[in-house]
Amino acid sequence: MSNREEIRKRLQAIFQEVFDDDELEIDDATSADDVDDWDSIMHITLMVAVEKEFGMQFNAEEIGKLSGVGGLIDLIEQRAG
Amino acid sequence: MDHLQVFLDHLREHHAVFYGAVAATAEAMPGTFRRVGAPMADWAHACLGDDFARVLAEGYVHLVIEANQAQMRYEKRGSYEHRSYAEVYEAAYGNEAFMTKYHWGLYVAMFAWVHHLRLFSFYEREFLPRLGEGLTEGGREVVADLGSGSGIWSRFALDAHPGLACVGVDISPTSVDEARRMAASTGFAARSEFVLGDATAHRLVEPAHAAISSFLLEHLERPEALLDNLAANLAQGGYAWITAALTAAEIDHITEFRRESEIVRLVEDAGLRVIATLSETPRAARSKLRFVPRSMAVVAQKRRNDIW
Ligand SMILES: C[S@@+](CC[C@H](N)C(=O)[O-])C[C@H]1O[C@@H](n2cnc3c(N)ncnc32)[C@H](O)[C@@H]1O
């Protein structure tokens, strides 16, 4: 399994938990428009959960620019690499 | 050009996650949103030039992230992070990079947050009309704005009353510079003065016709010192507009107000008579949370004696 795919899977579990939806499937193209309730407050909750899961911290600028799953995976890959 | 729309388009394109709440505010209170947001976007454009939408959007997004993160930590801890005022000064008011974002972020929050727009409607209804009392044609009555930030509250008072001038006092050099720059670029320099100073101690040359202190109380270790000084700077019978945040954590909030009556009490103890109050919650407040951030406004009048 590629590194990206592994990150996506771990993210999917986080998304399901944060948005309280076990059916929620995400991929690179998923954006805030595709997920009900993905507003600014849920975004911060999501990012706190992502930081915890991946053991990394993002600054406000990085968090503020994200609008979809593809960008989030890029960010995690960059940080891990 | 419709600068408000330029800003909204920029926010939607570059910070999609943060756009929805602002669009919801515009939909919930379309008239007030435009009445407040359109001139503010024009003033920001006059002050910042064509890059204004980026500066406003980045400031706003930064503010929302910082505030929401602080609120989540507060919800877990059960109290504010209790920094000393000196620490907050170093991290925020005295830090130019931080303060520039914060300054423009707060500026946008004035029209982007529905609870702030509701406070603004209350301001238009309960405070601005009172300032007309005793204003003379061609006179130069002063409104003191303590902790003025961008000076936006007094700016709307100046817009409503051509006979009024403002003196803004702020401790942050960045905010004072930005407020002066905006007054100069929008033709208000002759009626606006912004001075660097401590709002708990600064005295005007003469008592002011009216006083404003918006969202400074919760930033202080001794909020009563601000209200005492506000009362000392206000002519007898003069009106005051005071706002504060309750159970709303931000990195620069020190005094944690839990109940509205605490603020009313402080205002009364400073020698003012409370005339009207309003307490509002943000649109997105979730009921399962222990702390719901609120914003409260008080319209008061300097008492003539102990009773009234
Ligand atoms: C939350 S902002 C409010 C700005 C503005 N009144 C508004 O409502 O948009 C708080 C402001 O108070 C200023 N401030 C903090 N401590 C102060 C003090 N002791 N004296 C004067 N200004 C102070 C900060 O620099 C900041 O501009």
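Modeller: Happy to! Let me start with one pair of side chains: A:Glu61 and B:Lys101 meet in a salt bridge, with 3.5 Å from N to O. The count between chain A and chain B is one salt bridge. Around that pair, the contact draws 17 residues from chain A and 17 residues from chain B. About 1,400 Å² is buried between the two chains, and carbon and sulfur atoms give 68% of that area.

Please keep in mind that this is a predicted model. Chain A has a mean pLDDT of 90, with 99% of its residues at 70 or more. Among the elements of chain A, helix H3 (residues 60–65) has the lowest mean pLDDT, 88, while helix H1 (residues 3–18) has the highest, 93.

Now to the chain B side. Helix H5 (residues 85–93) of chain B and helix H6 (residues 96–112) of chain B have axes that come within 7 Å and cross at roughly 80 degrees. Angles from 65 to 115 degrees count as roughly perpendicular, so that is how H5(B) lies to H6(B). In this packing, B:Ala91, B:Ala92 and B:Tyr93 from H5(B) meet B:Phe98, B:Met99 and B:Tyr102 from H6(B). By class, the contact of H5(B) with H6(B) has six nonpolar residues, with no polar and no charged ones.

Technical notes:
Residues numbered from 1 in each chain as written. Chains lettered and ligands numbered in written order. Heavy atoms only, no water. pLDDT = per-residue confidence, 0-100. Helix = DSSP H or I, 4+ residues; strand = E, 2+ residues; numbered from the N terminus. Axes fitted to C-alpha atoms, helices over the stretch in contact; angles between N-to-C directions. Parallel < 35°, antiparallel > 145°, perpendicular 65-115°, else oblique. Contact = heavy atoms within 4.5 Å. Nonpolar A, V, L, I, M, F, W, Y, C, P; charged D, E, K, R; others polar. Buried area = accessible area lost by both parts, 1.4 Å probe. Salt bridge = Lys/Arg side-chain N within 4 Å of Asp/Glu carboxyl O.
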